[in-house]
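Here is a short report on side-chain contacts. The sequence and structure come first.

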Amino acid sequence: MREDERFEEKRSLPDMFIRRKQWLRREFDQLLLQDLIELKEHWEYQKRLVEKSFDPSPEVLSSLKLAEAKYLFLLKEAKKRNIKME
């Protein structure tokens with residue numbers, strides 16, 4: 001009887017870690033989606049700013065490229081994780 005209890009205890013520990021891993025994955029996927037939405041809005045704002053500018057400064061142009069790079073990086077990560085926007 002003692003060996004059976006140890007066996008069941010050993011089985012339940014990996015299940016606990018799997019559930020925790022799934023919970024953490026969902027939590028971080030939600031954070032990734034929030035960041036992705038915010039970065040997309042920031043990137044679009046920067047694009048509109050450059051389009052409306054007569055002669056955009058180098059700082060504004062580099063800020064636009066940086067915003068685009070950040071957004072595309074998170075977009076690739078979301079695709080790799082198979083995250084869908086609702």
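## Terms and basis

Buried means under 20% relative accessible area, exposed means over 50%, and partly exposed lies in between (1.4 Å probe, protein chains only). By that rule, Trp-43 and Tyr-71 are both buried.

The model is predicted: local features need pLDDT of at least 70, side-chain atom pairs count only at pLDDT 80 or more, and totals for chains, interfaces and linings use all residues. Residues are numbered from 1 along each chain as its sequence is written, and side-chain values use heavy atoms, with hydrogens and water left out.

## Aromatic pair

The structure holds 1 aromatic pair. Trp-43 and Tyr-71 form it, stacked, at 5.3 Å centre to centre with 25° between the planes. Rings of Phe, Tyr and Trp (its six-membered ring) pair if their centres lie within 6.5 Å; planes under 30 degrees apart count as stacked, over 60 as edge-to-face, and the rest as tilted.

The pair links distant parts of the chain: Trp-43 lies in helix H1 and Tyr-71 in helix H2, 28 residues apart. Helices (H or I, at least four residues) and strands (E, at least two) are DSSP runs, numbered from the N terminus.

Trp-43 has a further contact. The charged end of Lys-47 sits over the Trp-43 ring, 4.5 Å from its centre. The rule asks for NZ of Lys or CZ of Arg within 6 Å of the ring centre and within 35 degrees of the ring normal.

## Salt bridges

How many salt bridges are there? The count comes to 3, taking a salt bridge as a side-chain nitrogen of Lys or Arg within 4 Å of a carboxyl oxygen of Asp or Glu. Asp-29, Glu-77, Lys-80 and Arg-81 are linked in a network of these bridges.

Asp-29 meets Arg-81 at 3.0 Å, N to O. This pair joins distant parts of the chain: Asp-29 is in helix H1 (residues 2-52), Arg-81 in the segment after helix H2 (58-80), 52 residues apart. Asp-29 is buried, at 14% relative accessible area. Arg-81 is partly exposed, at 38%. Arg-81 also bridges to Glu-77, at 3.1 Å, N to O.

Glu-77 meets Lys-80 as well, at 3.6 Å, N to O. These two residues are separated by about one helical turn, because they are 3 residues apart in helix H2. Lys-80 is exposed, at 64%.

## Backbone after H2

Most residues other than glycine have a negative phi. Asn-82 has a positive phi of about 60°, although it is not a glycine. Asn-82 lies in the segment after H2. Its relative accessible area is 60%, so Asn-82 is exposed.
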